[in-house]
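Please keep the sequence and the model in view while reading.

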Amino acid sequence: MSEQTIFQSHPIFDYFYRMNQIPRCSGQEQAISDALVQWGSEKGWKTQQDKAGNVLLTKPASPGYESAPRIIMQGHMDMVCVKGKGVEHNFTCDPIAMEERDGWLHGVGTTLGADDGIGVAMGLAILDEQMDLPQISLLVTTDEEEGMNGVLSLSPSWLDAEMLINIDSEEEGYVTGGCAGGATGEFTMPLSREAVSGQSGLHITITGMNGGHSGQNILAEPNNACKVMSQFLHAILQEHALRIARFYSGEKHNAIPNEAQAWISFASEEKEAILQCIQKTWTAMQERLLKQEPDIAMHTEDYSVEGNVLTTESTNHLLNLIDILPHGVYRMREDGKNVLASDNLAIVDTKEAHADVMVSVRSSSEAVLSELQEKINRAVQTFHGQGRYTDVYPAWELAEHSPLRDLFLATYREETGEEAELLDIHAGLECGLFAEYNPKLDMISIGPDIEGAHTTSERLNIASTLRTYDILKKLIARIATMR
């Protein structure tokens, strides 16, 4: 199937294509927000847009369906913008290039934006359907990926409905009824620098690691490039003196770092011995990691040491902090299968006089979340650092009774002959905040198969998308018969 045929094959893919022509990185959604308003106005739907760029498109109930439950479909317009090493792409103006391979839609060198562009596209396609419906709206929020900031600005009046279907999940055959809450920790650690002479420098890069979504992929205990680089430098320090001039790893609070860079300096007469130590150390580390990280690679190149470098004490403090900060699963639930709390060491970036450190913490338990936050606070304070938690979002508790959930499960069973699995996920969804605005909302979250979200490996299954849309359409038709 050619790319042109894919995007002409169904309104979902047409809308998705149109969305991906418009830059929509988190925090830069004005153009896509305006486009959604324009598309809604052209269709004759009621359109609303708030100061945060959130958009609400509403289609009135068909005659005779005014008493059926009012429905909100919901997704977010922003995407995680990541490109591969050496890829030339300007996310502020370039469209997302896409290609179909083996039944999957891929980005070309960048994230695809199926999280959550495909959910928004499904909602638009449903509004386009010529079928009898109750009042149905599509709520499209901004800045979900960077902290759900669009929802925090939302008017509760926009959630005046009985049912909400979030289309931001990434596995067909599952329905989500609850999710973790969390926060982003932003810390600074003081650093000291001094001038050096007679020094050589190496720029070390570690690339090709899996990374992944800090909630959905954390149970797999993925390696963190930031920690791998720290361990690598620590091992070299056991045999040779070195200083760090710069350390950088991580891009997004909700993405597990898959690359890391360090610029180190050392006595020029030590260069050959250090190069041998680097190779020996990397061979041992690569052998240990290769089964989990088949594409991991390390590269060094010379650089000219200019300006000040970290003191020996600050070099040790930085590496020790990275080592002791928790990353991965912090505690499992009692069932032993699902994550209760986790932490992602997301970003470490050295500046002239301090290091910026960002972590993302999640938990379905407020008490355990506070315990994890306090552990991180103590680690940072050990090295005279300080900081705070921002972008706090609540957990969405699994409801004991949910007519919408039961109706979805019955619809899925009758349409596919299989049972959909109910999930209470470790990732964060906007539903937790919706529940605070309107506690009476009956909510579920669904979506098609999306793999590699938040990475350049992101891909969307085409057949799964069509099947999920068909279930969504039939679910809404059944809701229309409820009185």
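Two residues are taken to be in contact when heavy atoms lie within 4.5 Å. The model considered here is predicted. By that criterion, and not counting residues up to four places away in sequence, Ile165 touches Ile71, Ile72, Met73, Gln74, Leu404, Ile444, Ile446, Leu472, Leu475, Ile476 and Ile479. Ile165 also belongs to the largest nonpolar core, a set of 62 residues in which Ile165 and Phe408 touch the most other members. The element that gives the most to this core is helix H4 (residues 114-128), with nine residues. Apart from it lies another core, of 50 residues, which includes Leu233, Leu242, Leu345 and Ile376. In soluble globular proteins, nonpolar side chains tend to be buried together.

Helix H10 (residues 403-416) comes next. Its 14 residues should span 20 Å at 1.5 Å a residue, and this agrees with the 20 Å between its end C-alpha atoms. Buried in H10 are Leu404, Arg405, Leu407, Phe408, Leu409, Ala410, Thr411 and Tyr412. The cover over the buried residues of H10 includes strands S7 (163-166), S8 (174-179), S22 (421-425) and S23 (442-445), together with helix H12 (462-479). Just after H10, Gly417 adopts a positive phi of about 75 degrees.

Aromatic rings provide a further set of features. The structure holds five aromatic pairs. In one of them, Phe232 and Trp282, the ring centres are 5.6 Å apart and the planes stand at 75 degrees; since edge-to-face pairs are those over 60 degrees, this pair is edge-to-face. The pair links distant parts of the chain, with Phe232 in helix H6 (residues 225-237) and Trp282 in helix H7 (residues 271-289), 50 residues apart. Phe232 is buried at 0% relative accessible area, and Trp282 is buried at 4%. Arginines also lie over rings: Arg18 over the face of Trp39, at 4.5 Å from the ring centre, and the charged end of Arg459 over the ring of Trp104, 3.7 Å from its centre.

How many disulfides does a search of the whole structure find? It finds one, which joins Cys25 to Cys81 with an S to S distance of 2.0 Å. The torsion about its S-S bond is about -110 degrees, so the disulfide is left-handed. Cys25 lies in the loop between helix H2 (11-19) and helix H3 (30-43), and Cys81 in the loop between strand S3 (71-76) and strand S4 (98-101), 56 residues apart. Cys179 is in no disulfide, the nearest cysteine sulfur being that of Cys431 at 6.3 Å. Cys179 is buried, with a relative accessible area of 1%, and Cys431 is buried at 0%.

Terms used: Residues are numbered from 1 along each chain as its sequence is written. This is a predicted model: local features need pLDDT of at least 70, side-chain atom pairs count only at pLDDT 80 or more; totals for chains, interfaces and linings use all residues. Side-chain values use heavy atoms; hydrogens and water are left out. Rings of Phe, Tyr and Trp (its six-membered ring) pair if their centres lie within 6.5 Å; planes under 30 degrees apart count as stacked, over 60 as edge-to-face and the rest as tilted. Helices (H or I, at least four residues) and strands (E, at least two) are DSSP runs, numbered from the N terminus. Buried means under 20% relative accessible area, exposed over 50%, partly exposed in between (1.4 Å probe, protein chains only). A charge sits over a ring if NZ of Lys or CZ of Arg is within 6 Å of the ring centre and within 35 degrees of the ring normal. A nonpolar core is a set of buried Ala, Val, Leu, Ile, Met, Phe, Trp, Tyr and Cys residues joined through side-chain atoms within 4.5 Å. The expected span of a helix is 1.5 Å times one less than its number of residues. A disulfide is a pair of cysteine sulfur atoms within 2.5 Å.
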